[in-house]
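This briefing concerns helix packing, nonpolar cores and selected residues. Please consult the sequence and the structure shown below while reading.

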Amino acid sequence: EVAEAIDDTRARLADLRSEEGDFDAALRDIEAGLAQAQGPSHFRGHLVEVRGVVEERRAKALAARGDAEAAERARKAAIASFEEAIGIQEQVIAEALKAAGGKPR
């Protein structure tokens, strides 16, 4: 539970840092959390989702500065992170259903 609390805190810090435009520090928070959160879990999925939010914000900032090429790379990274987060959460749900004796959809 301590590790999960730390992962949640790292995700929150990354969210706050990216709101302030400190995208590199935000991604360092995410990467530190992902290094700890091995295997599919709600918290790993949340870290990956926040990575997508960070990249989405970076894309908007880059576009506002007129750097369309870098903005597009950040946008693609955001989409990839969101898709990865969905996959992780689907795994978590399927495992929870299996453990409860239910069938995944």
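S81 touches V48, R51 and G52, when residues up to four places away in sequence are not counted. The model is a predicted one.

**Residues of helix 4**

- S81 lies in helix 4, and its relative accessibility is 4%.
- S81 is classed as buried, because that value falls under the 20% limit for buried residues.
- R75 is also placed in helix 4.
- With a relative accessible area of 39%, R75 is partly exposed.
- Along the chain, R75 and E95 are 20 residues apart, and 31 Å separates their C-alpha atoms.

**Packing of helix 1 and helix 2**

- Two packed helices are described by the angle between their axes and the distance between the axes.
- Helix 1 spans residues 2–19 and helix 2 spans residues 23–36; the two pack at an angle of about 165°, and their axes are 8 Å apart.
- Helix 1 and helix 2 are therefore roughly antiparallel to each other, because angles over 145 degrees are counted in that class.
- The crossing in which helix 1 passes helix 2 is left-handed.
- On the side of helix 1, the contact is made by A3, I6, D7, R10, A11, L13, A14, R17 and S18.
- Helix 2 contributes F23, A25, A26, D29, I30, A32, G33 and Q36 to this contact.
- By type, the residues of the contact of helix 1 with helix 2 comprise 10 nonpolar, three polar and four charged.

**Nonpolar cores**

- The largest nonpolar core holds 14 residues, and those touching the most other members are A14, I30, L34, L47, V48, V50 and V54.
- Two or more residues of this core come from each of helix 1, helix 2, helix 3 (42–64) and helix 4 (68–99).
- Helix 2 gives the most to this core, namely five residues.
- I30, one of the core members named above, touches A11, A14, L47, V50 and R51, residues up to four places away in sequence not being counted.

Methods: Residues numbered from 1 in each chain as written. Predicted model: local features only at pLDDT ≥ 70, side-chain atom pairs only at ≥ 80, totals over all residues. Heavy atoms only, no water. Axes fitted to C-alpha atoms, helices over the stretch in contact; angles between N-to-C directions. Helix = DSSP H or I, 4+ residues; strand = E, 2+ residues; numbered from the N terminus. Parallel < 35°, antiparallel > 145°, perpendicular 65-115°, else oblique. Left-handed = near helix turned anticlockwise from the far one by under 90°. Contact = heavy atoms within 4.5 Å. Nonpolar A, V, L, I, M, F, W, Y, C, P; charged D, E, K, R; others polar. Core = buried A, V, L, I, M, F, W, Y, C linked by side-chain atoms within 4.5 Å. Buried < 20%, exposed > 50% of the residue type's maximum accessible area, 1.4 Å probe, protein only.
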